[in-house]
Amino acid sequence: MLPWKRLLRPLTALLLTAVVAVVPAATAHAAAPSSGWNDYSCKPSATHPRPVVLVHGTFANSVDNWLAFAPYLVDRGYCVFSLDYGQLPGVPLFNALGPIDKSAEQLQVFVDKVLTATGAAKADLVGHSQGGLMPRYYLKFLGGAAKVNTFVGVAPDNHGTTLDGLTNLLPYFPGAEDLLSAATPALADQIVGSAFLTKLNAGGDTVQGVHYTVIATKYDEVVTPYRSQFLTGSDVHNVLLQDLCPVDLSEHAAIGLLDRIAFHEAANALDPAHATPTNCASVFS
């Protein structure tokens, strides 16, 4: 084994440690039952006729990513559901690491389950990070466009990430990309220029019939450059968080986990007929 390969494993462990530090709820709450959501007896109301499916990000799971946002929606009368996807054998708690196209198949099955349980014709999707990217594969290639009305991506890596330029170093380490693809396929899929992203974005970012909203923060340190998150299409609403509230300092994790300004804007996208202006005061809404 080459010396750099011996170094790569502890560096990977260090990365996992850093992720846990950024998302402290992951280990503390991952096993906790969801409260108020994933209630399969919930029937959508006339005000909110579509169930909302929440799609977590890389290293996260169906509970920890949504401890704040899921109750936020439940309190506003939505039927809310969340799934786990992209699990790797022998890796507990940390999900969304498997091949993203296979994760999209898991989403396909889950949406069908939710629609059957609720009796709704369509669902809405809200995803954070990889969860704001992966559903686009479902919409484009797996028939999801016929079953989804609105898709909100919060800090999504729609065109991949350079991780502040770190991915540009991979070619200097022979075999590193192959090792990354074998060990954690989803991470390799999210690198700028990957085969997955090339296929996903070929022919346009969006599909007809779905309303897209992207909510990004300029302080994102994971999906870089942050403007690569934005989509191009006829039915796209791209939002920069700091245009809504200039003093909002949320970075990649906080915008999805804690930021009520982002929550308010996402709720506006889910129910545009009753939207109210999003600004710094939305933190109290």
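Predicted model: local features only at pLDDT ≥ 70, side-chain atom pairs only at ≥ 80, totals over all residues.
Helix 5 itself spans residues 134-141 and is mostly covered, with 6 of its 8 residues buried. The buried ones are Met134, Pro135, Arg136, Tyr137, Tyr138 and Leu139.

What does the covering? Among the elements over the buried residues of helix 5 are strand 1 (52-55), strand 3 (123-128), strand 4 (148-154) and strand 5 (211-216). Helix 4 (100-118) and helix 8 (195-201) are also included in that cover.

## Two disulfides

Searching the whole structure turns up 2 disulfides. Cysteine 42 is joined to cysteine 79, with an S to S distance of 2.0 Å. This pair links distant parts of the chain, 37 residues apart: cysteine 42 sits in the loop between helix 2 (25-29) and strand 1, and cysteine 79 in the loop between helix 3 (69-74) and strand 2 (80-83). The link of cysteine 42 and cysteine 79 is left-handed, at -80 degrees about the S-S bond. Cysteine 79 is buried, at 1% relative accessibility.

The other disulfide is formed by cysteine 245 and cysteine 280, whose sulfur atoms are 2.0 Å apart. Because cysteine 245 is in the loop between helix 9 (241-244) and helix 10 (252-257) while cysteine 280 is in the segment after helix 11 (260-270), the pair ties together parts 35 residues apart in sequence. Its S-S torsion is about 105 degrees, so this disulfide is right-handed. Cysteine 245 is buried at 2% relative accessible area, whereas cysteine 280 is partly exposed at 31%. Numbered in sequence order, the bonded cysteines pair as 1-2, 3-4.

## Three salt bridges

How many salt bridges does a search of the whole structure find? There are 3. One of them pairs aspartate 124 with arginine 50, the closest N and O atoms lying 2.9 Å apart. Here aspartate 124 belongs to strand 3 and arginine 50 to the loop between helix 2 and strand 1, 74 residues apart. Aspartate 124 is buried, with 1% relative accessible area, while arginine 50 is partly exposed at 21%.

Aspartate 112 and lysine 147 meet at 2.7 Å, N to O. Since aspartate 112 is in helix 4 and lysine 147 in the loop between helix 5 and strand 4, this bridge ties together parts 35 residues apart in sequence. Within helix 4, lysine 102 and glutamate 105 are 3 residues apart, about one helical turn, and their side chains form a salt bridge at 3.8 Å, N to O.

Terms used. Residues numbered from 1 in each chain as written. Heavy atoms only, no water. Buried < 20%, exposed > 50% of the residue type's maximum accessible area, 1.4 Å probe, protein only. Helix = DSSP H or I, 4+ residues; strand = E, 2+ residues; numbered from the N terminus. Contact = heavy atoms within 4.5 Å. Disulfide = S-S within 2.5 Å. Salt bridge = Lys/Arg side-chain N within 4 Å of Asp/Glu carboxyl O.
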